[in-house]
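Reader: I've got a model open and I'd like to talk it through with someone. Could you take my questions one at a time?

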Amino acid sequence: MFSSAVLESDAFLDLPPKSQNLYVHLNMRADDDGFASPKSVMRSAGCTALDLKHLVDANFVILFDSGVVCITDWKENNTIKADRYKPTPVSYTHLTLPTT
């Protein structure tokens, strides 16, 4: 599920259409904590590194040195019941995320 507060925000609507498309595809392919590997998603969605850069610059995703991204509005876009939650396999990445 996606939050209309995110997808209808001026910041999101100011993104190029391909970057918006990439954001949606990253959300669909992310694990239960909002982490995704963007390279395969970019290939399948026909997007480029520039489209990802737009998302990083607009703070819709955080790009780590490992190449993994974290979707910053993940908790606003998704809620997962505790009995269905699976921790991310990239758990070390949590240590560098700010808590809110």
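What follows is a run of questions and answers about this model.

Reader: Before we start, what sort of model is this, and what gets counted?

Author: It's a predicted model: local features need pLDDT of at least 70, side-chain atom pairs count only at pLDDT 80 or more, and totals for chains, interfaces and linings use all residues. Residues are numbered from 1 along each chain as its sequence is written, and side-chain values use heavy atoms, with hydrogens and water left out.

Reader: Which helix has the highest confidence, and which the lowest?

Author: The score here is pLDDT, the predictor's confidence in each residue, from 0 to 100. The protein chain averages 88, and 87% of the residues score at least 70. Confidence is lowest in helix α6 (residues 74-77), at a mean of 86, and highest in α5, at 98.

Reader: What pattern does the protein chain follow along the sequence?

Author: Helices (H or I, at least four residues) and strands (E, at least two) are DSSP runs, numbered from the N terminus. There are 6 helices and 3 strands. Read in order, the pattern is α-α-α-β-α-α-β-β-α.

Reader: What share of the residues is buried?

Author: Buried means under 20% relative accessible area, exposed over 50%, and partly exposed in between, with a 1.4 Å probe and protein chains only. The protein chain has 100 residues, and the buried share is 37%.

Reader: Which residues have the most contacts inside the largest nonpolar core?

Author: A nonpolar core is a set of buried Ala, Val, Leu, Ile, Met, Phe, Trp, Tyr and Cys residues joined through side-chain atoms within 4.5 Å. The largest one has 19 residues, and the elements giving two or more residues to this core are α3, α4, α5 and β3. In it, the residues with the most contacts are L22, L26 and L55.

Reader: Which residues does L26 contact, leaving aside its neighbours within four places in sequence?

Author: Contact means heavy atoms within 4.5 Å. With those neighbours set aside, the partners of L26 are A36, P38, V41, L52, L55, V61, V69 and I71.

Reader: Why do the buried residues of α5 line one face of the helix?

Author: In α5 (residues 49-57), D51, L52 and L55 are buried. The arc is that of the directions from the helix axis to the C-beta atoms. Seen down the axis of α5, the buried residues line one face because they fall within an arc of 100°.

Reader: What sits on the other side of α5, exposed, and what covers its buried residues?

Author: A49, L50 and D57 are the exposed ones on the other side. The cover over the buried residues includes α3 (17-29), α4 (38-45), β2 (61-63) and β3 (69-71).

Reader: Which residues of α4 are buried, and which are exposed on the face turned away?

Author: P38, V41, M42 and A45 are the buried residues of α4. They cover an arc of only 100° around the axis, which puts them on the same side of α4. The face turned away from that buried side carries the exposed K39, R43 and S44.

Reader: How are the rings of Y23 and F60 arranged?

Author: Rings of Phe, Tyr and Trp (its six-membered ring) pair if their centres lie within 6.5 Å; planes under 30 degrees apart count as stacked, over 60 as edge-to-face and the rest as tilted. By this rule the count comes to 4 aromatic pairs. For Y23 and F60 the centres are 5.4 Å apart and the planes are at 70°, so the pair is edge-to-face.

Reader: Where in the chain do Y23 and F60 lie, and how many residues apart are they?

Author: Ring pairs link F12, Y23 and F60 into a cluster. Y23 counts as buried at 0% relative accessibility, and F60 is buried too, at 5%. Y23 sits in helix α3 and F60 in the loop between α5 and β2, so this pair links distant parts of the chain, with a separation of 37 residues.

Reader: Is N27 buried or exposed, and which backbone atom lies 2.8 Å from a polar atom of its side chain?

Author: N27 is in helix α3 and counts as buried, at 6% relative accessibility. A polar contact is a pair of N or O atoms within 3.5 Å; within protein, one must be able to donate a hydrogen and the other to accept it, and residues adjacent in sequence count only if both atoms are side-chain atoms. The atom lying 2.8 Å from a polar atom of the N27 side chain is the backbone oxygen of Y23.
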